[in-house]
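User: Mind walking me through the pockets and the helix packing in this one? Here's the entry.

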Amino acid sequence: MSLLYHVSLDELIEFDMDVKEIQDIIDRTSEETEEKIDWTKAWGKKYPILVRDQKEVNTPNYAVRLGAMVDELKEEYNYSDLDAFLVLKDILAKVWQSRKK
């Protein structure tokens with residue numbers, strides 16, 4: 001979003017918007033525009049590991065295992081690819097939250 005709206009990530013994070021305003025921005029952003037954004041680069045400024053991991057992590061190994069989880073969600077719940085990815089993202093977020101405690 002920072003690239004799309006020409007503001008820094010800090011400005012986006014500090015900007016006091018309510019949830020409806022954020023949802024409106026997301027709704028107005030086309031899928032084509034979203035695909036043009038280099039999310040790794042954008043978030044890599046705040047979280048350098050996102051850039052560094054490309055050289056350190058055996059990504060294909062994790063991709064295979066995560067892909068199997070996506071396939072399992074698709075098969076078990078008849079989800080589309082996108083829905084299965086979104087559910088897996090939420091599962092990962094819940095694991096992260098539980099580990100932060």
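User: What volume does the second largest pocket have?

Analyst: This is a predicted model, with local features needing pLDDT of at least 70 and side-chain atom pairs pLDDT 80 or more, while totals for chains, interfaces and linings use all residues. Numbering runs from 1 along each chain as written, and side-chain values use heavy atoms, leaving out hydrogens and water. A pocket is an open set of 1 Å grid points, over protein atoms alone, where a 1.4 Å probe fits, with protein on both sides within 12 Å along at least five of seven lines. Filling the second largest one with probe spheres on points joined across faces, edges and corners gives about 280 Å³.

User: Which helix gives the most to the lining of that second largest pocket?

Analyst: Lining residues have an atom within 4 Å of a point, and here they include Tyr62, Leu66, Val70, Phe85 and Leu92. Helices are DSSP runs of H or I, at least four residues, numbered from the N terminus; helix 7 and helix 8 (81-100) each supply at least two lining residues. With five residues, the top contributor is helix 7.

User: Which residue with a positive phi follows helix 7?

Analyst: Helix 7 covers residues 59-77 and reaches 27 Å from first C-alpha to last, close to the 27 Å expected at 1.5 Å a residue (1.5 Å times one less than the residue count). Next comes a phi near 60°, at Asn78.

User: At what angle do helix 7 and helix 8 cross?

Analyst: Their axes, lines fitted to C-alpha atoms over the stretch in contact, come within 9 Å. Contact (heavy atoms within 4.5 Å) involves residues including Leu66 and Val70 of helix 7, plus Phe85 and Leu88 of helix 8. On a 0 to 180 degree scale between N-to-C directions, the crossing is roughly 115°.

User: And how much space lies in the largest pocket?

Analyst: Leu82, Phe85, Trp96 and Arg99 are among its lining residues. Its volume is about 460 Å³.
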